[in-house]
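Here are my notes for your first look at this structure. Keep the model open and find each place as you read.

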Amino acid sequence: MAELRVARAPHIESEIVVPGDKSISHRAVILASLTNGTCTLQGFLPSQDCLCTVDAMRMLGIGIEQPDDTTLVIHGQRGHFRAPTGPIDCGNSGTLMRLLCGLLANQPFESELIGDASLSSRPMNRVIEPLAKMGAVIEATGPNGTAPLKIKGQKLEPIRYELPVASAQVKSAILLAGLQIPGKTTVVEPVPLRDHTERMMDYFLIRTIREPVNSAYSVSIYGEQVAESRDFIVPGDISSAAFWMVAAAAQEGSSLLIRDVGLNETRTGILSVLLRMGAHVREVVQDTEHGEPRGEIRIDGTRLHGTVIAGNEIPNVIDEIPILAVAASLAQGKTLIRDAHELRVKETDRLAAIAANLTAMGVDVVEFQDGLEINGGAPLMNGRLKSFGDHRIAMAFAVAGLFADGETVIEDAECIHTSYPGFENHLNDLLFPNDDRTTPVINPAGALDKH
Ligand code: S3P
């Protein structure tokens with residue numbers, strides 16, 4: 001198994017463009033497949049998760065060419081798909097499995113969705129339940145409402161559904177189902193959730209209606225609209241940029257420019273959290289090309305201090321909690337993370353994984369059912385840390401290793417390729433921008449691209 005070996009970093013003075021956004025890449029492939037013609041996607045994230053989406057759409061009869069790693073040419077079939085000849089493998093991707101439930105529930109054929117061990121233990125009732133209210137027949141054949149999922153395509157009915165769980169994946173699945181049936185389907189968010197699906201639907205000229213409800217929104221879609229084929233450029237993933245943001249923000253003397261990154265305000269919560277921690281962060285939105293704001297983020301390092309991350313802010317930083325926990329361990333004083341119980345059902349139980357790794361690094365951390373208390377500011381101890389098979393845990397603790405003396409080893413680090421192919425090269429490039437790699441931070445024996 002590949003190991004990632006990390007040494008204490010010199011300060012960072014660099015600029016970087018991170019790979020394409022994972023949430024947007026999944027959606028772009030699915031929505032382009034629904035259009036009435038050919039769409040070229042640029043900036044696609046060629047990670048394992050998103051490549052599973054490409055394979056899934058191909059199994060459903062969509063022609064997709066990949067002239068280079070980050071470019072896809074997708075031949076939309078106006079919402080018509082072919083019955084798959086075998087189970088569709090969603091790999092590690094909860095987004096893919098849940099979005100496919102919405103896409104396939106109304107198709108005139110049966111399909112089966114499978115995933116790896118992690119995905120096969122994640123809750124699927126949250127998506128099965130609302131789709132069942134629309135008339136879907138989806139059987140979770142795993143032990144506790146878990147995958148493998150068997151979908152028997154049915155004619156669905158529209159609904160108005162108030163999400164009991166703050167999940168953009170469930171919202172998206174219902175909208176994808178609603179797109180294919182007559183009438184008005186409405187989803188009501190409990191708190192503002194990432195809105196890439198509705199933005200991209202609008203971009204492909206599928207009209208959605210967004211109305212404020214309490215402190216969040218409802219999104220409605222009138223079905224049976226045909227998406228118009230258009231080209232699309234995926235912005236850089238702010239959740240991948242987050243690792244470098246913290247690496248720079250927590251070290252005095254560091255300065256980092258992140259270019260061409262997505263700045264959708266349902267995803268930029270990390271900037272607010274870092275600002276509250278005392279970081280010097282500036283974002284500049286440069287355009288909203290293709291419906292998604294994008295631009296640059298500048299960070300100058302300083303001594304951080306603790307903060308509280310809780311309530312409605314959590315969905316906006318849900319994927320950044322592992323790296324924010326590392327920031328908290330480097331900050332002076334106490335950081336409290338609450339209302340984050342959803343982290344227990346991510347690629348791994350992230351609260352337990354963060355607590356275990358911070359403890360191994362000598363950090364004072366208390367674990368709650370829905371969060372963590374981290375008392376930061378003491379030196380981090382190096383050692384061997386587990387990835388728990390979770391890409392964001394592996395990358396967050398690789399960054400923690402930059403702040404520890406000696407060598408920090410992240411075990412089973414190949415999972416990083418789930419969302420960030422080339423992470424290890426960016427780590428080298430950022431730390432040694434003018435270097436010919438004679439001083440690798442990563443042990444060649446652990447080269448991740450062997451995976
Ligand atoms: C995602 C939504 C979030 C996030 C996941 C990607 C998406 O999950 O954690 O990495 O693309 O919609 P939930 O919708 O389950 O909160």
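This is a predicted model: local features need pLDDT of at least 70, side-chain atom pairs count only at pLDDT 80 or more; totals for chains, interfaces and linings use all residues.

1. At what angle do the axes of helix α10 and helix α11 cross? Find α10 at residues 350–360 and α11 at residues 391–401. Their axes cross at roughly 25° and come within 11 Å. Angles under 35 degrees count as roughly parallel. The two helices α10 and α11 are therefore roughly parallel to each other. The crossing of α10 past α11 is right-handed.

2. Now look at the side of each helix that takes part. From α10 come R350, A353, I354, N357 and L358. They meet H391, R392, I393 and F397 in α11. By class, the residues of this contact of α10 with α11 are five nonpolar, two polar and two charged.

3. Helix α11 also packs with helix α7, residues 238–249. Here the angle is about 20°, and the axes are 9 Å apart. That angle makes α7 roughly parallel to α11. This crossing, of α7 past α11, is right-handed. On the α7 side, the contact is made by S239, F243 and A247. On the α11 side, R392, M395, A396 and V399 take part. The contact of α7 with α11 has five nonpolar residues, one polar and one charged. Note R392: this residue of α11 meets α10, and R392 also belongs to the contact with α7.

4. Next, the open space. How many residues line the largest pocket? The lining has 39 residues. Start from A166, S167, A168, I318 and K346, which lie nearest the centre of the pocket. The elements that give two or more residues to this lining are α1 (22–33), α3 (94–104) and α5 (168–179). The volume of the largest pocket is about 580 Å³. Its lining divides into 17 charged, 12 nonpolar and 10 polar residues.

5. A search of the whole structure finds one cavity of 30 Å³ or more. The largest cavity holds about 40 Å³ of space. Which residues line the largest cavity? They are D21, I24, H196, P235, G236, I238, G262, L263, N264, R267 and E292. By class, this lining has four nonpolar, four polar and three charged residues. One of the lining residues, I238, falls within the range given for α7, residues 238–249.

6. Two backbone details deserve a look. Is the peptide bond from A147 to P148 cis or trans? The bond is cis, with omega near 0°. You will find P148 in the loop between β8 (137–140) and β9 (149–152).

7. The second detail is N214. Its phi is near 50°. That is a positive value in a residue other than glycine. Look for N214 in the loop between β12 (208–213) and β13 (216–222).

8. To review, go back to α11 and trace its contacts with α10 and with α7. Then return to the largest pocket, with K346 among the residues nearest its centre.

Terms used: Residues are numbered from 1 along each chain as its sequence is written. Side-chain values use heavy atoms; hydrogens and water are left out. Axes are lines fitted to C-alpha atoms, for helices over the stretch in contact, and angles run from 0 to 180 degrees between N-to-C directions. Helices (H or I, at least four residues) and strands (E, at least two) are DSSP runs, numbered from the N terminus. Angles under 35 degrees count as roughly parallel, over 145 as roughly antiparallel, 65 to 115 as roughly perpendicular and the rest as oblique. A crossing is left-handed if the near helix is turned anticlockwise from the far one by less than a right angle, and right-handed if clockwise. Contact means heavy atoms within 4.5 Å. Ala, Val, Leu, Ile, Met, Phe, Trp, Tyr, Cys and Pro count as nonpolar, Asp, Glu, Lys and Arg as charged, and the others, Gly among them, as polar. On a 1 Å grid over the protein atoms alone, a cavity is a set of points where a 1.4 Å probe fits but cannot get out, and a pocket is an open set with protein on both sides within 12 Å along at least five of seven lines; lining residues have an atom within 4 Å of a point. Grid points are joined across faces, edges and corners, and a volume is the space filled by probe spheres set on the points.
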